[in-house]
Amino acid sequence: MKKRNPETMKEIQEFVEDYFFEYHQSPSMQKVADAIGTSKSTAYYYITEMSQKGMLHYDGKNIETSRIKKSDYKMNRAPVLGSIGCGSPELTEENFEEFVALPVALFGEGDFFVLRTHGHSMIDAGIDEGDMVVVKKQNHANYGDIVVALVGNETTLKTYYPETEKRIVRLHPENANMNDIIVKECSIQGIAKYVIKNL
């Protein structure tokens, strides 16, 4: 078996760590190959040998070094889905602008998306024009949750108050100068969990 170059092994190790801390994921075998200027198959042989020697761990998909393991740097990738009205309901842009990394240590596990806000209907809840709201994707909510609600073909960010005896849903703006939106039904798109302030 061909002897592997220790310098190349060190180079791979450094590349895998740098890539992980920049992109929050393991590089593909092709990216490793490109980084060291070799073929994908040669990169694979290096990775498997390094895994056998305990220099890193490779499970067939992810490449992990001891430094990455110690970091406990798990991330959720959440798309930024444009803007949502904090006034009258309006269409949310379907095309995402970018992905943002949300540390699991801070935000927890789950399926999240991020919305930019505009309008002033949620100012008493501390959500101002231009803030970013981290939303946990789910189709149900509890009484008093701040939700992304789909009303017809439009979405809005409001506090959710279902009134089952009246068979209505009250979407409440957190602004004393604005009136509730009363609907017979709405579809919950997610629950607002965190606000990232626009400083």
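**Salt bridges and the first helix**

Biologist: How many salt bridges are there by the rule applied here?

Modeller: The model is a predicted one. A pair is counted when a side-chain nitrogen of Lys or Arg lies within 4 Å of a carboxyl oxygen of Asp or Glu. By this rule the count is eight.

Biologist: How many residues apart in sequence are the parts that D111 and K137 tie together?

Modeller: D111 and K137 form a salt bridge, with their closest N and O atoms 3.7 Å apart. D111 belongs to the loop between α5 and β5, whereas K137 is in strand β6, so the parts tied together are separated in sequence by 26 residues.

Biologist: Which residue forms a salt bridge with D128?

Modeller: The N to O distance of this pair is 2.9 Å, and the partner of D128 is K197. D128 lies in the loop between β5 and β6 and its partner in the segment after β11, so the pair ties together parts 69 residues apart in sequence.

Biologist: Is E163 buried or exposed?

Modeller: E163 meets K166 in a salt bridge at 3.7 Å, N to O. Salt bridges with shared partners join these two residues, R170 and D180 into one network. Buried means under 20% relative accessible area. The value for E163 is 13%, so E163 is buried.

Biologist: Which residue caps the N-terminal end of α1?

Modeller: Helix α1 comprises residues 6-23. A side-chain oxygen of the capping residue lies 2.8 Å from the backbone nitrogen of E7, and that residue is N5.

Definitions and conventions. Residues are numbered from 1 along each chain as its sequence is written. This is a predicted model: local features need pLDDT of at least 70, side-chain atom pairs count only at pLDDT 80 or more; totals for chains, interfaces and linings use all residues. Side-chain values use heavy atoms; hydrogens and water are left out. Helices (H or I, at least four residues) and strands (E, at least two) are DSSP runs, numbered from the N terminus. The expected span of a helix is 1.5 Å times one less than its number of residues. A polar contact is a pair of N or O atoms within 3.5 Å; within protein, one must be able to donate a hydrogen and the other to accept it, and residues adjacent in sequence count only if both atoms are side-chain atoms. Buried means under 20% relative accessible area, exposed over 50%, partly exposed in between (1.4 Å probe, protein chains only).
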